[in-house]
Amino acid sequence: MKAQDISREKSTELFEKAKNYFPGGVNSPVRAFKSVYGTPLFIERGDKAHIWDADGNEFVDFCCSWGPLILGHNTPEIREAVQSQLGKGLSFGAPTALENQLADLIIKNNSFIEKIRFVSSGTEAVMSAIRLARGYTKRDKIVKFEGCYHGHSDSLLVKAGSGLVTFGETSSSGVPKSFADETIVIALNDRQALEKVFNDFKNQIAAVIIEGIPANNGLLIQDKEYIQFLRDITNKNGSLLIFDEVITGFRLGFEGAAKYYDIQPDILTYGKIIGGGMPVGAYGASNEVMSNISPDGNVYQAGTLSGNPVAMAAGIAALSILSKPNFYTNLEKTTQNFVNELRQFIAENNLELQIFTIGSIFWFAFTSEKKVQRADQIDPASMEKYKIMHRELLNRGIYFGPSGYEVGFISAAHTSEDLEKALNAIKESLLITFG
Ligand SMILES: *Cc1c(COP(=O)(O)O)cnc(C)c1O
């Protein structure tokens, strides 16, 4: 059954206006709907797992602002915390007790960091972590993996060239080649490439950075043995291991992917969920490593709005709920049931599709491969299928991120009715996608 196309009159009008103001009409590129059909929906409001666009269309939301909204939209506790802070001022550029409170909540519940520094985005957190690693080791080169996203700082907008071990090529114009030369990009899950890196660049590698669970280019779940190998080879070579937990932090529990693997990284970065929907990032490490950050140490890092009181209040309210017993196990159970029902449908209909999942994250992979752990295992042509599915889902009141490389998130606000509605819509949409 083909569903009727939703009305996009107001959204289209707003998008046309926005194009006069912003490059591509947006303030972050993926929002432009370039990889799916149609033009962006302009969202007016959200409540629990639902969002409403400018034309009054209602959707069950699985994008959740790209991850931060693990409690859904308009969570009363967060809203009230923000509202009560609003009456006291928006920013002071001086310390507040709220920063202590959020840090205490995090450090008490996370055995992988002893000290933390708040910033205002994931990009900023990772950029600072890289500087810290370089300052601490007095080395310049870093290693990143093809298929991991770490925000848009210069050192990390770099993609692999051809060959096992290559200096990165800039993946954005405006990034100096000399920056890219300090970043080595290799494939995930390839031990040989990593051994070669440490052979070729003895005593030059400051850090290896990996997403806790790579979830920005599909969901590329790594084996624990490989992450242990990463830990061992960095230790042996005096390099730091950075887990970028901007997605996985507070998503796979308070201790994120570090706990999932039970491996201690040297620096961890956070973002998204940590601010309860407000712009907050953070990086943390041992007391010893963090003592290199200014004003204690010589690695400079600062921020006019860092530790912003309104954002801190939102983070405290969010994390207080997440720290309650069974929050994560319940959410994971809900996600498992949802994914299992879809997997059963996929098997019954013999569809060339896998659903990968961890915690409350899931990803549709249009492939017959049972394990996808490297970026080059994803066939760009398979994204055509996602495009169709995405259009059909919007027409059935289900909102996913506008790119097949993006994962979906289930929040604690998704009710069984929301999920039932989504299951039916996904099943119908898949039959059309493969039809
Ligand atoms: C989203 C993300 C970032 C960038 O965070 P921003 O807040 O968008 O700057 C960095 N690393 C990972 C793993 C992310 O998912």
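The centres of domain 1 and domain 2, taken over C-alpha atoms, lie 25 Å apart. The contact between them draws 27 residues from domain 1 and 33 residues from domain 2. The model is predicted. In the domain assignment of the protein chain, domain 1 covers 9–74 + 326–433 and domain 2 covers 76–322.

**Buried area at the domain interface**

- About 2600 Å² is buried between domain 1 and domain 2, and carbon and sulfur atoms give 62% of this area.
- On the domain 1 side, the residues that lose the most area to domain 2 are Tyr328, Ile358 and Gln373, which together make up 27% of what that side buries.

**Polar and charged links across the interface**

- Two salt bridges are counted between domain 1 and domain 2.
- Lys371 and Asp223 form a salt bridge through their side chains, with an N to O distance of 3.2 Å.
- Polar contacts across the interface of domain 1 and domain 2 number 11 residue pairs.

**Make-up of the domain 1 side**

- Helix α11 (327–348) and strands β14 (354–358) and β15 (361–365) are the elements that each give two or more residues to the side of domain 1 touching domain 2.
- The residues of that side comprise 19 nonpolar, six polar and two charged.

**A four-stranded sheet**

- Four strands form an open sheet in the order β1-β2-β3-β16, and their pairing is mixed.
- β1 (43–47) and β16 (398–399) are the edge strands, each with a single partner, so one side of each has no neighbour in the sheet.
- Four bridges join β1 to β2 (residues 50–53) in the antiparallel sense.
- Arg45 lies opposite Trp52 of β2.

Notes. Residues are numbered from 1 along each chain as its sequence is written. This is a predicted model: local features need pLDDT of at least 70, side-chain atom pairs count only at pLDDT 80 or more; totals for chains, interfaces and linings use all residues. Side-chain values use heavy atoms; hydrogens and water are left out. Two strands pair if DSSP finds at least two bridges between them. Domain bounds come from an automatic or database domain assignment. Contact means heavy atoms within 4.5 Å. Buried area is the accessible area (1.4 Å probe) that two parts lose on being put together, summed over both. A salt bridge is a side-chain nitrogen of Lys or Arg within 4 Å of a carboxyl oxygen of Asp or Glu. A polar contact is a pair of N or O atoms within 3.5 Å; within protein, one must be able to donate a hydrogen and the other to accept it, and residues adjacent in sequence count only if both atoms are side-chain atoms. Ala, Val, Leu, Ile, Met, Phe, Trp, Tyr, Cys and Pro count as nonpolar, Asp, Glu, Lys and Arg as charged, and the others, Gly among them, as polar.
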